[in-house]
Amino acid sequence: MLLRKTAAALSPLAVRPAVGHSALTNLLIERHRDKYQERKNPDPDPGLVASWDNSLPYVVEALIAEGLGRVELLIEFPMPGMDETADVIVAGRHPLTKEPSYVVIELKQWRRAVVSPDNPVAVDAGYRSLKLHPVRQVQRYCEYLIQHLAPLREHADRVAGAALLHNARSEVEELFALERNGLGHLFTTDSMDFFQAFLSNRLAPVPGSWPADLLCQADEYQPISSRDAFSRVGSPHPVFALQKEQELVFQETFEIIKKASTAGRKKVIIIQGGPGSGKTALAVELLRVLKQAGKQVVHASGSHAFTQNLRDAAVKMRPRRVRYAAAVDQAQQDYRFFNQFGALEENAVQVLIADEAHRLRNRSRGRPNVVPPWVYRRGWPQADELIKAAQVPIFLLDDWQSLGPDEVGSTDYLRQRAEECGCEPVIRKLPGMFRAGGSARFRDWVTELLGLQTVTPQPWEADGKMEVRLADSPQAMETYLERRVKEEFESDARVTAGFCWEWEKPQDGMRLEVQIDAWHRPWNARNPRRGSGLPNTTQWATDPRGFGQVGCIYTAQNFEFDWSGVIIGPDLVWHEGRFITDRTKSHDDGVCGKSVSDEQADRLIRNAYYVLLTRARRGVVIYAYDTTTQNKLRELITGTAELPGDRTRRKRRQPPRSSPSSTATAEQLAIEFD
């Protein structure tokens, strides 16, 4: 948060001078530079400065006009766990209940705006790309705060939202067509008196210091895991409050699905996003809403551990009236593998969500009951099988997460396959960040570190969102993670490693382990003996007993942990000013096989560490096996894995159900499909 002050204190600062910035804007610019002084360019974006100069005074003036000078304004309030800020949150007390009351305000300087004919929440406001409808944006902000901040989690009535377009008049008339509710109202220059009345109906003329303290010091509910999220697709309430690009893509996809039966040319939706960009949230909400609307929708992936976890979660969450065997059968129909679609008739599935599509293979392989011989002999690319099997195929992927030489999924590849199949590719990108505490900088740092971008690795700059530490030994890493789990509220952790230690079926009772000096831990067990107390490979990431074993790339991908320890093996080392790969140190057949080129092996090793380093929600601890590499990391990472101190703000697990605060109910969506 950049600034917290009462409306009365801001009033003289917000006066707009004839020339130059207001005193308030200059203060905010100074605060921004102080907060981001470690950046190469700590100056705020010019558009943000213009908003402070031109938009904030209208909010301050409206509050003063209603005698609300003692309420407090929280300017650029950070949204928990994401790389976004709310323009203004006004904190005070409700005039009737005297309870804390908050108004989230989204400021726009737009003078004109029209709604896209293809997407009811996409707006053309004169920019290069379509923007999310400001009312839907503030609604989703409110819903997100309700889901993630403890003072609002059980008190959704404490928060309201407003989009203020103070420069606009009749030129934005189309924006009023979107349904408004308590979480989102629209005000223009013609309705400033209604805006003032809205504020006075939500805020009493009393000090807002206590409600502001309550919000600023609130415990946070951390984002739920992907496994738990998918288990809630039967809920009538939103699991995730989709934000900006997520909401735009969701609604656009929804419109395509609604029109699919009458459209001339099939559309193939390709959604690209990095770790934590919201692909899982989008997949969950599509599944949830489409199922509520009576659509046939199937989720598919190429990961055995991931799909098996989703099936197990679906069975566990079945209604009591549903028999176990029937629930298992339904889960197997709802959650499938990529190689299960080749024998289906064309358009046999209404909607197919191909999750983690970077793991698509060249061709489908498997047992004859899964991939019939005639399907394999036909020789279609696996992507073509999925495209042809669905009326609306949706691919979610990250171009840097393929792990094997036969994994060909990428944005360009899927575009090509769609066109070869006579379909229209629709490509969208999710740039947001909802993991690593919302640190987009961390994701960029990892790509720079691994040479996935043509940028020299830079030292990690602490941003207050994600912790990055270096361990002097694997034992120090494990001890640090253990203490984090014990001392923090409902926290979990896992240790993973590059595939540089043997992992095959043990012979003659051998126990295969990751061993570094005196420290040694077993790989996660494939098929542990009964009574061993060890989880199966597919459950390693979700069973608390997985801590104490070392996970590999194939059991860690698709999952996330509060804290992650990553052992960089000798297959990735610092040499002559850059990180290079050494495939001879790998035990992964997909990397060291004779049919794999050096270029492929290099890409796959880097991709594997990219996945391992981006599993954490709160912090990552790194250790490198190679001494030179460890010394280089010591230059790049200043934080060491010492014992943690107290944390003033606790993270809580999400409760079993989400708050019923959706702006689009399943019943409304079902009507749209009729």
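This is a predicted model: local features need pLDDT of at least 70, side-chain atom pairs count only at pLDDT 80 or more; totals for chains, interfaces and linings use all residues.
Good morning. I begin with His155, which is partly exposed, with a relative accessible area of 33%. The residue sits in the loop that joins helix 6 (150-153) to strand 8 (159-165).

Let me turn to helix packing, with two pairs of helices.

The crossing of helix 12 and helix 13 is right-handed. From helix 12, the residues in the contact are Arg311, Ala314 and Val315, and from helix 13 they are Tyr324, Ala327, Val328, Ala331 and Gln332. By class, the contact of helix 12 with helix 13 divides into 6 nonpolar residues, 1 polar and 1 charged.

Helix 13 also contains Asp329. With a relative accessibility of 44%, Asp329 counts as partly exposed. For an idea of its placement, Asp329 and Cys500 are 171 residues apart along the chain, and their C-alpha atoms are separated by 38 Å.

The second pair is helix 15, residues 382-389, and helix 16, residues 411-420. Here the axes come within 10 Å and cross at roughly 55 degrees. Helix 15 and helix 16 are therefore oblique to each other. Helix 15 passes helix 16 in a right-handed crossing. Helix 15 contributes Ala383, Asp384 and Ile387 to the contact, while helix 16 contributes Tyr413, Leu414, Arg417 and Ala418. Sorted by class, the contact of helix 15 with helix 16 has 5 nonpolar and 2 charged residues, and no polar ones.

I now move to burial within individual helices.

In helix 4, residues 56-65, the buried residues are Leu56, Pro57, Val59, Val60, Ala62 and Leu63. After helix 4 comes Gly67, with a positive phi near 75 degrees.

Which of its residues are buried? They are Thr629, Gln630, Lys632, Leu633 and Leu636. These residues cover an arc of only 160 degrees around the axis, and so they lie on the same side of helix 22. On the other side of helix 22, Thr627 and Glu635 are exposed. What covers the buried residues of helix 22? The covering elements include helix 17 (440-449), strand 17 (467-470), strand 22 (561-568), strand 23 (572-575), strand 24 (578-581) and strand 25 (616-624).

Helix 17, named among those covering elements, holds Val446. Val446 has 0% relative accessibility and therefore counts as buried. Setting aside neighbours within four places in sequence, Val446 is in contact with Tyr610, Leu613 and Thr614. Between Val446 and Lys5 there are 441 residues of sequence separation and 37 Å in space, C-alpha to C-alpha.

The relative accessibility of Ala556 is 0%, so the residue counts as buried. Residues up to four places away in sequence not being counted, Ala556 touches Thr496, Trp540, Leu612 and Arg615. Lys632, one of the buried residues of helix 22, is 76 residues from Ala556 in sequence and 26 Å from Ala556 in space, C-alpha to C-alpha.

My last topic is backbone geometry. Most residues other than glycine have a negative phi.

Lys244 has a positive phi near 40 degrees and is not a glycine. Lys244 lies in the loop between helix 9 (226-230) and helix 10 (245-258). Is Lys244 buried, partly exposed or exposed? Its relative accessible area is 24%, so Lys244 is partly exposed.

Asn347, also a residue other than glycine, has a positive phi of about 60 degrees. The loop that contains Asn347 runs between strand 13 (335-337) and strand 14 (349-354). At 31% relative accessibility, Asn347 counts as partly exposed.

That concludes the presentation. Thank you.

Key. Residues are numbered from 1 along each chain as its sequence is written. Side-chain values use heavy atoms; hydrogens and water are left out. Axes are lines fitted to C-alpha atoms, for helices over the stretch in contact, and angles run from 0 to 180 degrees between N-to-C directions. Helices (H or I, at least four residues) and strands (E, at least two) are DSSP runs, numbered from the N terminus. Angles under 35 degrees count as roughly parallel, over 145 as roughly antiparallel, 65 to 115 as roughly perpendicular and the rest as oblique. A crossing is left-handed if the near helix is turned anticlockwise from the far one by less than a right angle, and right-handed if clockwise. Contact means heavy atoms within 4.5 Å. Ala, Val, Leu, Ile, Met, Phe, Trp, Tyr, Cys and Pro count as nonpolar, Asp, Glu, Lys and Arg as charged, and the others, Gly among them, as polar. Buried means under 20% relative accessible area, exposed over 50%, partly exposed in between (1.4 Å probe, protein chains only). The arc is that of the directions from the helix axis to the C-beta atoms.
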